[in-house]
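Dear colleague,

I am handing over the structure below, and after it I set out what was found. Please read the notes with the sequence and the model side by side.

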Amino acid sequence: MIQEQRMTHHLMDIIRIDSPSRKEKDVALKLEGEMRDLGADCFYDDAGDKVGGDVGNLIVKIPGTKKDVPPFFLCSHMDTVSPGEGIKPSVKDGVMRSDGTTILGSDDKSGVSIIVEVLRALKENDIPCGDIEVAFTICEEVGLLGAKFLDASNFKSSYGIVLDSSTPQRLVLRCPCSDIMDVKIHGVEAHSGLCPENGISAVEVLSDAVSRMKLGRIDHETTANIGKVKGGSATNIVPGLVEISAEARSHDEEKLDAQIQHMRDCFLEAAKSRELLLDGERLGARAEIDIKRVYPVMNVSPEATVTNLVLKAAANLDHDIKLHTSGGGCDANFINEKGIECVNLGTGMYELHTVNEYLLLDEFHRSAQIVLETIKLHSEKN
Ligand SMILES: [Zn+2]
């Protein structure tokens with residue numbers, strides 16, 4: 001029922017439409033037209049205004065043919081990373097690639113094309129099902145912002161599938177939550193040759209803080225990293241300011257909070273331990289710390305209804321699938337938090353966010369078959 005050539009061509013068409021984050025309008029308009037042709041109601045939410053983009057999340061409702069079947073939710077993101085403009089996709093030996101100067105954009109347009117093909121197959125084959133609710137989101141690649149500002153009151157589904165991970169041999173149930181920490185360490189500037197004792201080096205405070213800090217892999221669920229450091233002004237000046245950006249992630253919210261607290265304490269204690277007396281005045285270092293939750297944790301149960309439906313669908317198709325824990329966040333992190341229980345199924349995309357990105361067409365088509373079969377099982381069950 002899945003028309004493989006049609007979905008491959010659809011994917012190449014939408015890959016050729018540039019859609020960097022905050023500029024998804026052109027691809028959204030094409031999808032809106034296709035959805036209306038299928039008889040869908042479409043509208044855009046206000047996420048675009050909130051993130052300064054040219055369009056909001058595209059919300060689609062396809063009326064079902066079977067009464068009393070609860071709606072089913074599907075989601076993929078429309079934006080791509082750079083270099084992602086003027087992409088020239090081509091297919092050879094069952095693999096889709098760019099020309100090597102850009103990403104391919106199968107992240108996440110392969111998910112978008114899977115959804116479009118599944119909706120077409122449902123309609124053409126008159127498959128009895130309830131309403132299908134779709135969110136084609138914006139700005140996933142810049143902090144899951146479309147999903148963050150998605151208004152869940154627009155949906156009635158209690159579960160569904162996000163299509164935004166690598167291989168359909170895996171079903172992602174768990175993704176970490178993540179915090180970002182921006183720190184400004186203020187020292188005291190002084191001439192490094194004439195009077196270094198009149199200064200407090202912000203670099204030394206940083207070094208002291210980092211030497212106290214647990215970083216890297218903290219435990220099997222938690223990681224932490226200082227990713228960016230900038231500061232100082234000249235070789236002959238004791239540096240008065242260093243700015244740091246750090247992150248931590250964990251599959252356990254309490255562990256994330258503990259790690260962030262630990263990092264914060266290291267900066268504060270290192271700053272507190274540096275002070276000097278200058279002309280009778282006590283001067284000290286200071287750490288200014290700003291912490292933001294980037295996205296919440298995703299933790300779907302292996303026993304959840306939607307997990308079981310996808311596993312059963314895969315089994316019906318003789319397809320091997322394993323439950324998986326991911327190290328990164330996805331739209332499903334926010335969507336689960338908003339009350340729609342979503343697993344993340346792979347689409348066949350590999351080497352994401354590089355110019356070597358490629359898509360295995362076999363897996364791409366297989367993923368669509370699994371989604372279609374899952375929706376059938378969901379409808380039969382109800
Ligand atoms: Zn993605």
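Helices, by the definition used here, are DSSP runs of at least four residues, numbered from the N terminus. The model is a predicted one, and in it Asp108 has its place in helix H4, while the peptide bond that leads from Asp107 to Asp108 is cis, with omega near 10 degrees. A cis peptide bond also joins Ser82 and Pro83, where omega is about 0 degrees, and Pro83 lies in the loop between strand E3 (72–77) and strand E4 (90–92).

Val310, leaving aside residues up to four places away in sequence, touches Ile161, Leu171, Val343, Leu345, Ile370 and Thr374. Val310 is also one of the residues in H8 that meet H10, where Ile370 and Thr374 are among the partners. The axes of helix H8 (residues 305–316) and helix H10 (residues 361–381) come within 8 Å and cross at roughly 115 degrees, in a right-handed crossing; by class, this contact has six nonpolar, three polar and two charged residues.

Finally, Asp126, although not a glycine, has a positive phi of about 50 degrees; Asp126 is found in the loop between H4 and strand E6 (132–137), and counts as exposed because it has 8 C-beta neighbours inside 10 Å, the cut-off for exposed being 12 or fewer.

Best regards

Notes
Residues numbered from 1 in each chain as written. Predicted model: local features only at pLDDT ≥ 70, side-chain atom pairs only at ≥ 80, totals over all residues. Contact = placed C-beta atoms within 7 Å. Axes fitted to C-alpha atoms, helices over the stretch in contact; angles between N-to-C directions. Helix = DSSP H or I, 4+ residues; strand = E, 2+ residues; numbered from the N terminus. Left-handed = near helix turned anticlockwise from the far one by under 90°. Nonpolar A, V, L, I, M, F, W, Y, C, P; charged D, E, K, R; others polar. Buried ≥ 20, exposed ≤ 12 C-beta atoms within 10 Å, placed from the backbone.
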